[in-house]
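This report describes selected side-chain and backbone features of one model. The sequence and structure are shown first.

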Amino acid sequence: MKKTLLTFLATFLLCGMVAAQDVSKVLGTYVTDLYINIGAPISENSEPVPGVKVQLTPGTMPGTVNFELRDFEMGEGMMLGDIVLPNIPLIDNGEGNYGFGENAPVSLTLMEVINAQANLNTETSYVRGDELMANVDVVWLTGDEETPEVPIYVRAAGTKEQVADVSKVLGDYVTDLYINIGAPISEDSEPVPGVKVQLTQGTMPGTVNFELRDFEMGEGMMLGDIVLPNIPLIDNGEGNYGFGENAPVSLTLMEVINAQANLNTETSYVRGNELMANVDVIWLTGDEEMPEVPIYVRAAGTRLIPEGIGNAVGIDAGAKASGVYSLSGVRVADGLSGSLPKGIYIVNGKKIIR
């Protein structure tokens, strides 16, 4: 009897592991028509709000996704808030068709005053290829004795946004790092040379993580890490890439400075192997007179190419030109003298770390 029970339990657990679906096929941002009806189901006469973005992101449980509808509005300027439904089981029905499994109602607050519960309707929600149909059942808990609950019907129907091939920009960049507190970076700003920045694969399709770790401001003044996850990459063609909107990330510098940071989308880019990254940091001082102080961070440099340096510097690495060159191919000295600042240089066709 004991052996039979153990066999059954092992089989059950194995089936549970096999049942976990590969959620990567549906992850991404969907541009949708958003319908919202209060009290009555959505019909053919319902008017949508077009161009609303919905994300399916990886859940914390295997085989699950999060449904994320953030900062949505009902009509012009009527901001409602966020609907985030975590860890919804994904069901693979074959041939690119997916459904959603049972998900418990989640408590949420809309417009800062409406208490509600919401879950994804499993019977009418699906992904078919790149098409999403998501019906969210929201129940407004009014607190009124006569009408304690009011249904709110939410539908997001649309297509997955096409994403850039992030492999083209991933890697280590050796940069000049500029840091200014209170005033924007100018031509007179002095950089810290040879600082490594990484662009790594994000958890969402078409996104990258910006990673600046263990950086310092001046000699020995360690600040900490700036890691900005899941920044959308925008392919502008011919090896030129921009970055999409990314929410501010909370971080702590020098173990005492509380701040928020995000990548500036207007002035940051990758062109070929060149990176220009401007990070907008806001120091949250806690001081009533000056609660916020801007910190301007810029990393500008060149990607290290594992296959060799020829493509990185735009010169023939086999030629092994005499002298010392920067990673961008600029001759900076005749030899490795003591006057050169710390950084990575090219000497006789090889990368030298000084």
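In this predicted model, the charged end of Arg 271 sits over the ring of Tyr 269, at 3.8 Å from the ring centre. A charge sits over a ring if NZ of Lys or CZ of Arg is within 6 Å of the ring centre and within 35 degrees of the ring normal. Arg 128 places its charged end over the ring of Tyr 126, 3.8 Å from the centre.

The model is predicted, with local features needing pLDDT of at least 70 and side-chain atom pairs pLDDT 80 or more, while totals for chains, interfaces and linings use all residues. Residues are numbered from 1 along each chain as its sequence is written, and side-chain values use heavy atoms, without hydrogens and water.

Most residues other than glycine have a negative phi. Two exceptions are tabulated with their positions (strands are DSSP E runs of at least two residues, numbered from the N terminus).

| Residue | Phi | Position |
|---|---|---|
| Asn 87 | about 55° | strand β4 (residues 79-94) |
| Glu 238 | about 55° | loop between β14 (222-237) and β15 (240-243) |

Asn 87 is partly exposed because its relative accessibility is 27%, whereas Glu 238 is exposed, with a relative accessible area of 82%. Here, buried means under 20% relative accessible area, exposed over 50%, and partly exposed in between (1.4 Å probe, protein chains only).

Met 111 lies in the loop between β6 (106-110) and β7 (114-120). With a relative accessible area of 34%, Met 111 is partly exposed.

Technical notes: Helix = DSSP H or I, 4+ residues; strand = E, 2+ residues; numbered from the N terminus.
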